[in-house]
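Biologist: Could you walk me through this one? I'd like to hear about its pockets and its core.

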Amino acid sequence: MNGAVRNLSGSTPARLIVGISGASGVTYGVRVLDALRELGVESHLVVTRAALLTLSQETDISADDLMGRADVSHRLNDVGASIASGSFRTMGMIIAPCSVRTMSEIATGVTSTLLTRAADVVLKERRPLVLMVRETPLHLGHLRTMTALAEMGAIIAPPLPAFYAKPASIAEMVDQSVGRALDLFGLDWSPVRRWDGLKGAAGE
């Protein structure tokens, strides 16, 4: 594996599950796959049908191209896939973007697809589950669901722009959000611009 990979657990394979659900922002999932390829991390992809519709509306990327960016692509209804079992060791899972429907299904534990089953497995195995939730404004039900997920061990990481990084394009904003999400798995992706203190600030 690439030397850029920093695996926090040491013994866990450099392998990450990537879920893409139907919220706007499918480009986040695409860039997660690109980043994992650059970092030498094995990616296991599962995509909802709504996500494929979003892909066709928001990008020029085909479904085949999306699947080709992953090391392994799993069918949404394949509940017998490797990632449906806790004995299949991974660094965890990221869902980018994560729709409210997907978030809510994970919170109930009543999973109907491989994507939400894999997320449930990650939670029960106490592995990192990062949800790049895409919705605004949030009503009380959304907030309560997020609270429940946080109490279960999930990390709610909405893709918000970091203006201190002075992004010059939407692509740079996307990469900053993706890189910061990957930080949560101990992965250091080079496009991330790190804060190193105020410049030229007057002393007190």
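Biologist: Which element gives the most to the lining of the second largest pocket?

Modeller: Keep in mind that this is a predicted model. The second largest pocket has a volume of about 170 Å³, and its lining includes Q176, S177, R180 and A181. The helix α7 spans 170–183. With 4 residues, the element that gives the most to this lining is α7.

Biologist: How many nonpolar residues are in the lining of that second largest pocket?

Modeller: Look at some of the names there: M132, A157, P158, P159, L160 and P161 are among them. The lining also has 2 polar and 1 charged residues. The nonpolar count is 9.

Biologist: OK, now the largest pocket. Which element gives the most to its lining?

Modeller: This pocket has a volume of about 250 Å³. Among its 14 lining residues, T48, R101, T102, E105 and T113 are the closest to the centre. Two or more residues come from each of α2, α4 (100–108) and α5 (114–124). The one that gives the most, with 3 residues, is α4.

Biologist: And how many polar residues are in the lining of the largest pocket?

Modeller: Set aside the others first: 3 are nonpolar and 3 are charged. T48, T102 and T113 are among the residues closest to the centre. The polar residues number 8.

Biologist: Let's go inside. Which element gives the largest share of the largest nonpolar core?

Modeller: That core has 33 residues, and L66, I94 and L182 have the most contacts inside it. If you skip its neighbours within four places in sequence, L182 touches L16, A35, L36, L39 and L187. The largest share, 8 residues, comes from α1.

Biologist: Why are the buried residues of α2 on the same side of the helix?

Modeller: The residues in question are A51, T54 and L55. They pack against β1, α1, β2 and α3 (63–68). They sit on the same side of α2 because they cover an arc around the axis of only 105°.

Biologist: Then which exposed residues does the face of α2 turned away from its buried side carry?

Modeller: Exposed here means over 50% relative accessible area. On the buried side you have A51, T54 and L55. The face turned away carries R49, L53 and Q57.

Terms used
Residues are numbered from 1 along each chain as its sequence is written. This is a predicted model: local features need pLDDT of at least 70, side-chain atom pairs count only at pLDDT 80 or more; totals for chains, interfaces and linings use all residues. Side-chain values use heavy atoms; hydrogens and water are left out. A nonpolar core is a set of buried Ala, Val, Leu, Ile, Met, Phe, Trp, Tyr and Cys residues joined through side-chain atoms within 4.5 Å. Buried means under 20% relative accessible area, exposed over 50%, partly exposed in between (1.4 Å probe, protein chains only). Contact means heavy atoms within 4.5 Å. The arc is that of the directions from the helix axis to the C-beta atoms. On a 1 Å grid over the protein atoms alone, a cavity is a set of points where a 1.4 Å probe fits but cannot get out, and a pocket is an open set with protein on both sides within 12 Å along at least five of seven lines; lining residues have an atom within 4 Å of a point. Grid points are joined across faces, edges and corners, and a volume is the space filled by probe spheres set on the points. Ala, Val, Leu, Ile, Met, Phe, Trp, Tyr, Cys and Pro count as nonpolar, Asp, Glu, Lys and Arg as charged, and the others, Gly among them, as polar.
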